[in-house]
Amino acid sequence: MSAPRLDIDLAKVTHNARQLVARLGAVGIRTTGVTKASLGSPAVARALLDGGATGLGDSRVENLERLAGSDVDAPFTLIRSPMLSQVSRVVQVADVSLNTSPAVLTALSAAAGAHGVVHAVVLMVELGDLREGVAADEVADLARWADALPALRVAGVGTNLACQSGVVPDQANMVALSTAAEQVEAVLGRRLEIVSGGNSANLEWALSTADVVRVDELRLGESILLGTEPLHRRRLDDLHTDAFTLVAEVIEAGCKPSRPWGTFAQTAFDTAAPLRPPGTVRQVIVALGRQDVDPTGLVPPPGTTVLGASSDHLVLDAGDHDLDVGDELEFQLDYRALLQAMTSPFVTKVTR
Ligand SMILES: *Cc1c(COP(=O)(O)O)cnc(C)c1O
């Protein structure tokens, strides 16, 4: 089989989705499965839906288009504010988009009108993480104005925490989101369908609070795909952390001195390996580098240590492993490494 390759165990993805969908469902929260780290893979999307996700979200129009061109059938949400240059594609492929900007909302309405559809929008509220969102006390006015645009419907409000500044989702900011939802409902005169509390960073709050207030949906990517929560990067109970495995091939193996020699200047990427005790190491090079994956996000096989990485070479201390040219090594990935491996054209994706 070709290498490097990302082995994707779809049954594990489905298991993880089913677990989280059930736990959140018990407190009245739906799960939108986020496919962006899988490059909008239809196979991964099906695994999320098999696990009970009620819809799919992706930050890229291209990924949603890929899903729409497959046999995957679910409500699609664009989870990044549309680019003005893409509104026409957005209203054709997405049922819902997350929004903050009046200029984009105006353009979405015009595009939706031109295509004879009504596009649903979720207005994002800024609650302290300082990424996307409008001020909480301005959402109701924005909603009244956006809902009056001819081809738009305000379907809900949402927020996104943790990604930019590490702000933790808690009772206070979820109450603030719920209050904003109620203010919007007051000006629209109807109940909102979507109060989208956030991403995988919200799980800890959602699964421990005595009151989810008005939050009725989370958008989950990392927690389902990797079985970890992003606030402390801990494993979630009973979830698989190895649904994705990166496999790479050894291209050089042999004993080498543990210490480099000569005069020293910069390395290819400015990160010299720590000086090791003098001696010899069993060193292997695998055909894997920064063109394939972020090496800092890799967990190497037990008993081996990563010594360094450049664009195309990953150098390891093989420990006691008797490795030879042609052997394959398996690595676990964090979210960063997964994103990069999925988007590298050099990494083959194999689902099973
Ligand atoms: C990426 C993203 C998500 C999913 O985040 P995870 O941490 O992978 O669960 C949800 N919402 C928005 C707006 C995102 O950009």
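This is a predicted model: local features need pLDDT of at least 70, side-chain atom pairs count only at pLDDT 80 or more; totals for chains, interfaces and linings use all residues.
**Arg89 and its contacts**

Setting aside neighbours within four places in sequence, I found Arg89 in contact with Val61, Glu62 and Glu65. I then looked up where Arg89 sits: it belongs to helix H4, which covers residues 87–93.

**Helices H5 and H6**

Val139 took me on to helix H6, residues 139–147, which packs with helix H5, residues 102–114. I wrote down an angle of about 20 degrees and axes 10 Å apart for this pair. Angles under 35 degrees count as roughly parallel, so H5 is roughly parallel to H6. The crossing of H5 and H6 came out right-handed. Which residues make the contact? From H5 I listed Pro102, Leu105 and Thr106, and from H6 Leu142, Trp145 and Ala146. Sorting the contact by class gave me 5 nonpolar residues, 1 polar and no charged ones.

**Cysteines**

Last, I looked for disulfides and counted 0 in the structure. I looked up the accessibility of two cysteines as well. Cys163 has a relative accessible area of 46%, so I put it down as partly exposed.

Technical notes: Residues are numbered from 1 along each chain as its sequence is written. Side-chain values use heavy atoms; hydrogens and water are left out. A disulfide is a pair of cysteine sulfur atoms within 2.5 Å. Buried means under 20% relative accessible area, exposed over 50%, partly exposed in between (1.4 Å probe, protein chains only). Helices (H or I, at least four residues) and strands (E, at least two) are DSSP runs, numbered from the N terminus. Contact means heavy atoms within 4.5 Å. Axes are lines fitted to C-alpha atoms, for helices over the stretch in contact, and angles run from 0 to 180 degrees between N-to-C directions. Angles under 35 degrees count as roughly parallel, over 145 as roughly antiparallel, 65 to 115 as roughly perpendicular and the rest as oblique. A crossing is left-handed if the near helix is turned anticlockwise from the far one by less than a right angle, and right-handed if clockwise. Ala, Val, Leu, Ile, Met, Phe, Trp, Tyr, Cys and Pro count as nonpolar, Asp, Glu, Lys and Arg as charged, and the others, Gly among them, as polar.
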